[in-house]
Amino acid sequence: MKLPPFRLYHPHSVEEASRLLTELGDDATAYCGGTELLLAMKLGLTTYEHLVDLKRVDGLRGVADGSGGLLRIGAATTHHEVETSAAVRARYPEMSMMISHVANVRVRSVGTLGGNLCFADPHSDPASFLMAVGATLECQRDGQVRRIPAAGFLTGLYETALAPGELLTAVELPARPDHTGLSHRRMKLTERPAVTVTAQITMRGNAVAEARLIVGSVGIMPLAADATALFGATAADFAPRSASCAGQAAADCAPLPDGEASPDYLRHLVTVYAREALEEAFAAAAA
Amino acid sequence: MTERVQATINGGHFEGEVAPQELLLDFLRDRLGLTGTKQSCEVEVCGACTVLVDGNPVSSCCFLAADIDSREVETIEGLVGSDFHRRAVEAFMRHAAVQCGFCTPGMLLTAKALAGRGLDGGRGAIAVAMNGNLCRCTGYHSILDSLTELLGDPA
Amino acid sequence: MNAVGQSVERADGRLKLAGQAEYTGDIRLPGMLYGAILHSQAGHARITSISTAAAEKAEGVVAILTAEDLSDLDPYYGHALRDRPIVALGKVRFAGEPVAVVAAESQAAADAAVAYIDVEYEELPVAASLDQALAEDAPLVHDQVARPGASHGLGDLPDAEGNICYSYSFRRGDVDGAFADASVVVEGEYTFPAVYQYSMETHTTIAHWRGGELTLWSSCQHPFLVRQEIAGLFGLPLDLVQVIVPFLGGGFGSKSYTKMEPLTAAIARKAGRPVRILNSVNESMITTRRHNMKCRMRTAAAADGTLLGRSAEAWMDTGAYADNGPRVTATAGDAAPGPYRWRAVESAAHCVYTNTSPSGSYRAFGATHLQWIGESQLDEVARRLSMDRLEIRRRNLLRPGEEVRPGGKPLDADLIGDVEKAAAEVGWSDSSADVYPRAPEAAPRGRHRRGRGVSVGLLAAGAQPVSMATVRMGPDGSVTVLVGTTELGQGARTVMAQIAAGVLNSPVSKVVMRGTDTRYTPYDRSTGASRSTTVAGLAVQRAAQSVLDALLETATVKLETPPGLLRTAEGRIEDQGGRSITHGELVRARFGFDGGELIGHGRVQPEGGSGSYAEGPVFWEVCVAAVEAEVDMETGVITVLRTSTVADVGKAINPQLVARQDEGALLQGLGNALFEEMHFAPDGMVLNDTLLDYRIPAFEDMPASMTCTIVENGDGPGPFGAKGCGEGALAAVPAAIVNALADAGVPMNALPLTPERVWRRIQELKIS
């Protein structure tokens with residue numbers, strides 16, 4: 001399996017990259033590590049005549065501690081760099097753990113967080129995780145910056161909210177509230193995850209103040225499940241409430257046809273893993 | 001339209017033109033005659049095509065030759081002769097951890113990258129880190145024994 | 001016999017660790033072209049037109065082959081049934097069948113040109129499953145009866161019936177009576193998946209015609225059979241077809257018999273230049289696979305656990321072309337009774353054509369298909385009789401010397417000893433949970449439930465026992481072994497050198513076995529069926545003995561000592577007084593100068609009879625394993641905790657390499673048991689044809705504990721009492737896993753045991 005012919009461009013700034021993408025239109029796309037794009041092109045699932053390489057663009061790479069406990073990850077930061085970043089491990093060790101299971105050591109060494117989010121493969125971990133923590137995605141075009149909440153970034157199958165010529169430049173994780181627990185569970189049947197569940201619980205006193213439950217890899221896009229049933233839960237009643245919440249999430253998700261697993265079974269896995277993720281997040285938050 | 005590439009390959013300087021769509025695997029095997037790197041699954045899963053770029057393991061089957069510009073590439077041919085390779089050979093020979101040999105170069109290069117990153121944790125951590133390198137012959141047991149000696153914490 | 005029995009280091013290990021071992025895909029010939037294949041998109045169709053005009057004009061294209069280029073040939077091949085055309089002739093029978101081949105100056109140019117070939121199909125009704133192919137009004141995959149192939153060893157082939165191209169059956173004893181007398185009857189219907197062998201190296205072939213001679217470099221396991229097939233196809237004397245086999249990156253049966261060689265030879269003939277065809281994984285997946293199967297089985301037993309009767313019928317899906325289907329079918333039929341004593345047995349197995357990609361050999365075929373079924377029924381008998389599962393096996397397993405099948409080789413292994421060893425290694429009977437009848441408090445409960453299983457089976461091994469070997473010793477005492485066994489990774493080059501070194505008492509470092517070149521390497525029937533150490537190795541032993549005889553002859557003269565008073569020492573012959581002459585000196589003395597060579601010849605051939613399947617096997621390969629596994633009752637996920645396999649090899653020429661074979665077979669068995677399955681669309685197209693969607697075992701799938709016990713009872717017909725190994729674990733491990741899962745409360749009748757299948761079964765059983 002070989003690649004079809006195309007032209008390569010190596011801009012040095014976001015503005016230049018953005019201009020190129022706008023001018024070249026639909027026959028062009030950005031790439032960084034290429035671990036998802038080049039594979040898709042080899043498989044004949046997509047094709048482009050122009051590839052805009054972002055690896056030489058200034059300012060897209062690296063992890064920084066922002067003000068007020070914010071964590072800023074450049075879009076062209078590799079998965080491996082995110083996984084091993086001291087700042088990520090300190091602020092969001094669960095993210096480091098989640099990233100360590102993505103694909104394999106080679107894809108993590110070359111593939112980038114931004115590339116993963118922009119490719120928008122349904123069977124994926126990072127987008128769901130970022131939705132659970134309430135991350136924000138910084139995008140730029142023509143010197144204009146806008147911030148899209150993670151929950152609004154993916155818009156469809158392999159589709160994002162990026163406008164033509166717009167680049168994802170950074171991912172920002174908010175300062176982690178006190179007494180917040182996070183859990184990410186994934187199950188794979190073949191190479192990509194079949195189900196992922198991410199739960200974040202924040203306690204105030206002995207009760208749940210905030211909760212997010214994101215089901216990923218099952219539908220076209222991650223599902224922000226309804227977690228309102230958990231608000232105010234305490235140790236005494238968390239178990240039945242989380243079971244109910246998990247059941248509801250399973251009922252609400254829309255499993256994509258999958259060669260390996262039926263929708264019924266995928267929904268069942270959602271109930272199991274959602275319950276486990278919620279319980280783990282709760283225990284971590286309460287600790 | 002070609003891409004001009006300057007890179008260090010196995011310690012030697014390379015300068016030349018590559019087609020934009022040329023895959024690093026084909027460039028190494030067909031252009032440079034470095035056939036130690038193997039083609040197997042072609043979808044980044046098996047690791048037989050692993051080479052190191054700036055010390056990082058990459059699937060050369062899904063990596064552009066153009067993207068090695070200004071970088072250092074190491075293949076199995078470059079690894080041979082190093083102290084790491086000597087120790088790896090000793091361990092793999094002692095445990096008979098080579099059968100058909102097709103996965104072997106990829107295993108060794110990945111192990112070198114992990115050593116460079118300071119992998120700690122012993123046998124279990126090595127198995128997890130190596131999970132992206134497939135072998136169909138050995139059942140992994142002898143490879144894991146070899147790598148535990150090669151990479152594991154002696155204490 | 002110093003090298004024999006030692007775990008000497010692999011002869012090819014350092015070469016492979018340096019990335020310097022040459023595989024077919026590493027070879028570049030001057031002027032070599034690259035082939036790309038146009039694969040049929042239709043599952044069953046007449047080809048109404050092919051136009052290559054546009055493709056011929058594409059950049060870099062040198063030649064394009066279609067059916068019309070084969071009009072001077074009888075272009076059918078197939079060693080069992082000669083049913084396969086080199087390219088589709090007027091008709092395609094499976095989605096993916098080669099319709100045309102492009103040869104171009106680069107792989108990219110060839111791949112691009114394929115898209116410009118225009119083919120028109122008139123679709124025909126498709127029979128893409130066993131059920132469809134066996135239905136009353138099923139479309140026929142082949143409308144003409146295939147001619148028998150040249151080398152199947154199955155005797156006269158029965159007439160085909162509809163899409164059934166071969167059947168094998170036998171019956172002994174009064175089956176109805178046995179079932180009528182039974183206290184327990186277990187019956188069931190079972191399915192087994194299509195599995196892909198996945199060698200890391202895909203099928204690769206280079207063909208080069210020079211004058212009227214053809215040289216093939218190919219990743220093939222059986223070069224002499226390929227030579228025979230190619231010579232027949234192109235009307236050449238055997239001598240003008242040369243097959244050279246570099247290192248193989250795995251075989252496992254996927255590269256047995258003839259695969260891409262005819263197509264490569266044909267396009268090279270047209271192009272007038274060497275051509276290489278190197279399959280992508282998706283192409284190799286439609287080149288060969290394991291037969292999927294459905295099976296009905298019944299087992300009858302007496303109240304005291306004595307087995308009375310077994311009745312089994314199996315249908316093997318051989319795809320659109322037979323390949324090794326008939327042999328796989330016969331072996332499956334023979335595996336149905338298992339290695340047990342029965343009052344009566346009937347077994348039938350049918351090889352069925354379907355409009356899917358062809359099935360062929362994969363490690364432990366037949367046994368892997370049937371062992372889990374018979375063994376699960378035996379465990380069920382034990383459960384119903386509240387009898388210990390090891391005890392029921394002790395009672396009913398055949399003992400050495402007993403007949404396995406009439407007219408065939410009696411049992412040559414201590415199976416009871418083997419299964420007890422395997423069971424002990426997983427802690428059998430450490431807990432009351434293993435002993436049936438099981439106390440209620442020992443029953444598995446909770447979310448994660450554990451169970452243990454054992455399994456015993458036999459595999460008819462050795463194939464045709466025909467093998468020659470040559471051993472050459474030069475005037476420096478160095479030794480070259482020429483034997484046709486191909487190095488797939490199993491360690492042939494190491495073991496054959498050890499055997500010769502052992503006989504001669506040469507240091508192993510002075511003995512080399514080279515790769516096969518049919519022009520220079522003597523005939524060996526094949527590398528497979530666990531036959532190489534036993535059959536080819538025996539030829540090597542005899543050849544080395546012949547050289548040793550010549551050395552002793554010269555030493556007798558030089559030392560003026562009768563041969564009976566001479567003995568070998570390392571690299572020399574010595575007398576009882578301590579005088580010795582080195583091998584090199586002996587060779588030089590024999591010829592009177594620093595030159596010459598001793599050449600020894602060894603031959604293995606059937607002892608009486610024709611060596612056919614019915615008379616054999618050469619030996620019975622033992623398929624024994626025990627497993628401890630855990631099932632998550634909420635998700636259906638199975639974790640295999642401990643495994644033990646037994647390699648009952650008579651004599652382990654290289655113990656370490658024996659254990660390595662079991663380890664590899666174990667993981668393949670685990671994949672076959674837990675997740676490997678090819679999925680087909682309604683038109684027969686393979687849906688999961690890359691590693692993105694077809695999962696093979698990885699490091700994380702290793703059981704926490706894997707033990708291999710080597711049993712050496714000196715009971716093999718091979719050199720030093722050896723018999724082969726390498727396949728048994730693949731047959732036994734899935735069976736032991738199924739039995740462990742049943743022990744945990746979840747009996748299954750379909751493989752693979754995917755989490756969803758297991759979960760659905762749990763729901764069915766309403767286990768809380």
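This is a predicted model: local features need pLDDT of at least 70, side-chain atom pairs count only at pLDDT 80 or more; totals for chains, interfaces and linings use all residues.
Arg185(A), Arg275(A), Glu276(A), Glu280(A), Arg447(C), Asp632(C) and Glu634(C) are joined through salt bridges into one network. Over all chains, the count of salt bridges comes to 84.

Side chains of opposite charge can pair when their charged atoms come close. The sections below take up individual pairs of this kind, then the interfaces and the aromatic rings.

## Salt bridges within chain C

Arg269(C) and Asp72(C) form a salt bridge whose closest N and O atoms lie 2.9 Å apart. The two residues belong to distant parts of the chain, 197 residues apart: Arg269(C) sits in helix 7 (residues 261-271) of chain C, and Asp72(C) in the loop between strand 3 (61-65) and strand 4 (76-77). Arg269(C) is partly exposed, with a relative accessible area of 30%, whereas Asp72(C) is exposed at 52%.

A second salt bridge joins the side chains of Arg393(C) and Glu375(C), at 3.0 Å from N to O. Arg393(C) is placed in helix 11 (residues 389-396) and Glu375(C) in helix 10 (residues 367-384) of chain C, so this pair ties together parts that are 18 residues apart in sequence. Arg393(C) has a relative accessibility of 0% and counts as buried; Glu375(C) is buried as well, with a relative accessible area of 2%. Lys723(C) and Asp715(C) also meet in a salt bridge, with an N to O distance of 3.1 Å. In this pair Lys723(C) is buried at 3% relative accessibility, while Asp715(C) is partly exposed at 24%.

## The interface of chains B and C

The size of an interface is often given as the accessible area lost when the parts come together. For chain B and chain C, the buried area is about 3900 Å², with 61% of it on carbon and sulfur atoms. Three residues, Met93(B), Gln99(B) and Arg136(B), supply 22% of the area that chain B buries against chain C, more than any other three residues. In terms of contact, 48 residues of chain B meet 47 residues of chain C.

Four salt bridges are counted between chain B and chain C. The side chains of Lys38(B) and Asp26(C) form a salt bridge with an N to O distance of 2.8 Å. On the side of chain B that touches chain C, two or more residues each come from helix 1 (24-31), helix 3 (83-94), helix 4 (104-117), helix 5 (122-129) and helix 6 (141-151) of chain B. Helix 3 of chain B gives the most, with five residues. By residue type, this side of chain B divides into 26 nonpolar, 15 polar and seven charged residues.

## The interface of chains A and B

Chain A contributes 27 residues and chain B 33 residues to their contact. The area buried between them is about 2500 Å², of which carbon and sulfur atoms give 54%. Within chain A, the residues that lose the most area to chain B are Lys42(A), Val105(A) and Arg106(A), together 25% of what that side buries.

Three salt bridges are found across the interface of chain A and chain B. Asp26(B) and Lys2(A) meet through their side chains in a salt bridge of 3.1 Å, N to O. Strand 1 (7-9), helix 2 (37-42) and helix 6 (105-110) of chain A each supply at least two residues of the side that touches chain B. The largest share, five residues, comes from helix 6 of chain A. That side of chain A comprises 13 nonpolar, six polar and eight charged residues.

## Aromatic pairs

The structure holds 14 aromatic pairs over all chains. Tyr140(B) and Phe699(C) form a tilted pair, 4.4 Å centre to centre with 45° between the planes. Tyr140(B) lies in the loop between helix 5 and helix 6 of chain B, and Phe699(C) in the loop between helix 16 (655-674) and strand 31 (705-711) of chain C, so the pair joins two chains. Tyr140(B) is buried at 1% relative accessibility, and Phe699(C) is buried at 2%.

The ring centres of Tyr190(C) and Trp372(C) are 5.7 Å apart and the planes stand at 90°, so this pair is edge-to-face. Tyr190(C) belongs to strand 12 (residues 184-192) and Trp372(C) to helix 10 of chain C, so the pair ties together parts 182 residues apart in sequence. Both Tyr190(C) and Trp372(C) are buried. Ring pairs also link Phe102(B), Tyr23(C) and Phe247(C) into a cluster.

Conventions:
Residues are numbered from 1 along each chain as its sequence is written. Chains are lettered from A and ligands numbered from 1 in the order in which they are written. Side-chain values use heavy atoms; hydrogens and water are left out. Helices (H or I, at least four residues) and strands (E, at least two) are DSSP runs, numbered from the N terminus. Buried means under 20% relative accessible area, exposed over 50%, partly exposed in between (1.4 Å probe, protein chains only). Contact means heavy atoms within 4.5 Å. Buried area is the accessible area (1.4 Å probe) that two parts lose on being put together, summed over both. Ala, Val, Leu, Ile, Met, Phe, Trp, Tyr, Cys and Pro count as nonpolar, Asp, Glu, Lys and Arg as charged, and the others, Gly among them, as polar. Rings of Phe, Tyr and Trp (its six-membered ring) pair if their centres lie within 6.5 Å; planes under 30 degrees apart count as stacked, over 60 as edge-to-face and the rest as tilted.
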